[in-house]
Amino acid sequence: MPERTYRIHIASELSGVRVELIRAWERRYGFPRPQRTSSGYRVYTQRDVELLKRLKQLTEEGVAIREAVKMLPQLQLKMGETGDELVGEVSTSNLEAWFRSVLAAAEAHDQARVSAIIDEVLSALPPLKAFDEVLAPVQREVGERWRAGRLTVAQEHLVSQVVRARVVSLLHTAPANERARHAVLACLPDEQHEIGLLGAALRLRHAGVQVTLLGPRTPAADLGRVVDALQPDLVGLSAVVDPGEPLFEVTLKPVLGVLPQGTTVWMGGPAARAHSKVCERLGARVFRSAEDWPALLG
């Protein structure tokens, strides 16, 4: 029986991808590759429609279309035998298996295995989903086990180094928009934990925000000079390790004091949440959960 085909307007309606976008993807990326009728009209198969749906889903999850198109061979392998639907979606059990496997590799001091598992995660999931559902939870759990004495410093580091390298790589390939809103991100002067800050940078980049990332242990005076020069729309500060409320306030006050009047400042991290009243009294907003993203993004 001949494979069912659709004209472009029907393929657009079925896939949810605008006609103009289908044509643009054909020109720029060579997908989809429509067949031609005897009259010269483009027609698209059911498989084309399903792959268009998947590309649309990936772009909505934060994957740049040029990167999503590179995933087409992998997506095609996941197509059912009839070509009618995608199968083999990542399940909760997959996420739990990855999580457990990374921790087991850390306990075995096997950094090569940690790298292989993280790479498997990144090949199966869009960047933001990979960070939110695997990388960040793994990093938190490794930190908790280190603080509880269940992992050594070396075991914690061999995971953190891999996670950091992969997130930095994701940042390099994230969409860039030099005309977009601008955020400057930094850790407090005594803070060296930056995975959460890197995750925030990744999400901001995928939301179309230009990011200047200063990273761990940023001196207050240097942050002030950068903000004076760049005049960003917002400043994001990370505070993970909690030194206690008095020392936290002593550290934060001069950091906020060097910023120009009216600068929008968001604080994130366990220490910021623990001392949210201090942050807010000094003029910074506290990022408590994913529900705060719409407010942060304006």
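**View 1. Arg166 and Asp119 form a salt bridge, with their closest N and O atoms 2.7 Å apart.** This pair ties together distant parts of the chain: Arg166 sits in helix α9 (residues 153-173) and Asp119 in helix α7 (residues 111-124), 47 residues apart. Asp119 counts as partly exposed because its relative accessibility is 37%. Here, buried means under 20% relative accessible area, exposed means over 50%, and partly exposed lies in between (1.4 Å probe, protein chains only). A salt bridge is a side-chain nitrogen of Lys or Arg within 4 Å of a carboxyl oxygen of Asp or Glu. The structure holds 15 salt bridges.

A word on what you are looking at: this is a predicted model, in which local features need pLDDT of at least 70 and side-chain atom pairs count only at pLDDT 80 or more, while totals for chains, interfaces and linings use all residues. Residues are numbered from 1 along each chain as its sequence is written, and side-chain values use heavy atoms, leaving out hydrogens and water.

**View 2. Arg164 of helix α9 pairs with Glu194.** In this salt bridge the closest N and O atoms are 2.4 Å apart. The two partners come from distant parts of the chain, 30 residues apart, with Glu194 in the loop between β4 (182-187) and α10 (195-206). Arg164 is partly exposed, at a relative accessible area of 33%, whereas Glu194 is buried, at 12% relative accessibility.

**View 3. Within helix α8 (residues 127-147), Glu141 and Arg145 lie four residues apart, about one turn of the helix.** Their salt bridge brings the closest N and O atoms to 2.8 Å apart. Glu141 is partly exposed, with a relative accessible area of 23%; Arg145, at 15% relative accessibility, counts as buried. Helices (H or I, at least four residues) and strands (E, at least two) are DSSP runs, numbered from the N terminus.

**View 4. Helix α1 (residues 8-15) has Ile8, Ala11, Ser12 and Ser15 buried.** These residues lie on the same side of α1 because they cover an arc of only 100° around the axis. That arc is taken from the directions from the helix axis to the C-beta atoms. On the face turned away from the buried side, look for the exposed residues His9 and Glu13. The buried residues of α1 are covered by elements including β1 (5-7), α2 (19-29), β3 (42-45) and α3 (46-60).

Conventions. Contact means heavy atoms within 4.5 Å.
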